[in-house]
Amino acid sequence: MYTASVSADRRYHLQSEEANRRLDALLEQLRVPEATWPLYAEMLTTALKMYEDGAGIADLKIANATFKEIRYGFKVFAPWRHVPKVTVFGSARTPRSHPISEQAYSFGKRITGTGWMVMTGAGGGVMGSAQEGAGAERSFGLNIRLPFEQEANPWIADDPKLISFKYFFTRKLFLVREAHAMAFLPGGFGTADEAFEALTLIQTGKSPVLPLVMLDEPGGTYWKRFDEFVRTQMVPRGLVSPHDPDLYRITDDVERAAAEIESFYRVYHSQRYVRDSLVLRIRRPLPAAALAELSTRFPDILSAPAEQTAGPVAGEGDELPELPRLVLSFNRSGFSRLRRLVDFVNEAG
């Protein structure tokens, strides 16, 4: 089926043509579908290229553990892929009796009550409190194996939706990739790292725009001071755009935090790029007046008027055929303004 088409000049191959043919014959024997065959071929080729490169034991161990963690993560999340999930970040060192932990507990309970699931790093403190509020049935735990401090909290410890990672970067991949929203409570270096990474991924377009909520204890100033630093140190120096603080919302009220996340998906559903256009899937069409106003409100990021279609555009396939689309000539740089555009869509639809 495939081996007849193998050629020595293909773009990604092993040095041995006989090895290339054997690899393709294996995929044919396993009846790998033609649509996914090139990806399996490249993954296997990459693994064997490490042999050709003479990779050392340490490099092989890193590559092996990383691939195994990613594969297992995909497997665990697959049945829940279309259930909305919010990742809750915060300190593992905050006592359960602390107001911050109580906020995490209340938030976990509130957001799962409307059909969401909660993801945390599976530790204690804020993470354990959010998991306690959510309950194991509505939780994912993504634990990191450390020589100190972190063991899976009892609310997720024996659940099949607990994944233990060796590497922070593979763990972060899933905490971000599977999230439809993120909630940040006060924490230490790890929480600050995760907050800035989430902002960086959205600011640079490496992650879709989604709601980022900074939730403090009642009357707390942790995230207000964070916001002050961004606005008084980063913005005036030109290190971030004046619009970039629009990427997050700050509150000390659990209900407002949950409402911010839920309202983001009131009309907006999801996004993808199709050729040169950004396509927003929406739950119902915008009125004609709102569509015209959208184009006049955001000329700084749209190079042409927004268009609306009743279903998928050419190049999307049959994905989500029941949803209308907004087709945008987006400049692929003003992502904080795109966040405001999504707010406008939710308010106008």
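**Buried and exposed residues**

Modeller: Let us begin with Thr66, a residue of helix H3, which spans residues 57–77. Please bear in mind that the model is predicted.

Biologist: What makes Gln271 buried?

Modeller: Gln271 belongs to strand E8, residues 268–274. Its relative accessible area is 16%; the cut-off for buried is under 20%, and therefore Gln271 is buried.

Biologist: Which residues is Gln271 in contact with, leaving aside neighbours within four places in sequence?

Modeller: They are Pro208, Val209, Leu278, Val279, Leu280, Arg281 and Leu338. Contact here means heavy atoms within 4.5 Å.

Biologist: Why is Leu39 called exposed?

Modeller: Leu39 is found in helix H2. Its relative accessibility is 56%, and exposed means over 50%, so Leu39 counts as exposed.

Biologist: Which residues make the nonpolar surface patch?

Modeller: Leu39 forms this patch together with Tyr40, Met43 and Phe67, and the patch covers about 420 Å². A patch residue needs over 30% relative accessible area; Leu39, at 56%, therefore passes that cut-off.

Biologist: Which helix gives the most to the nonpolar patch?

Modeller: Helix H2, residues 37–53, gives the most, with 3 residues.

Conventions. Residues numbered from 1 in each chain as written. Predicted model: local features only at pLDDT ≥ 70, side-chain atom pairs only at ≥ 80, totals over all residues. Heavy atoms only, no water. Patch = residues over 30% accessible without salt bridge, like charges linked within 9 Å, V, L, I, M, F, W, Y side chains within 5 Å. Areas by Shrake-Rupley, 256 points an atom, 1.4 Å probe, with all protein chains shown as cover. Salt bridge = Lys/Arg side-chain N within 4 Å of Asp/Glu carboxyl O. Helix = DSSP H or I, 4+ residues; strand = E, 2+ residues; numbered from the N terminus. Buried < 20%, exposed > 50% of the residue type's maximum accessible area, 1.4 Å probe, protein only.
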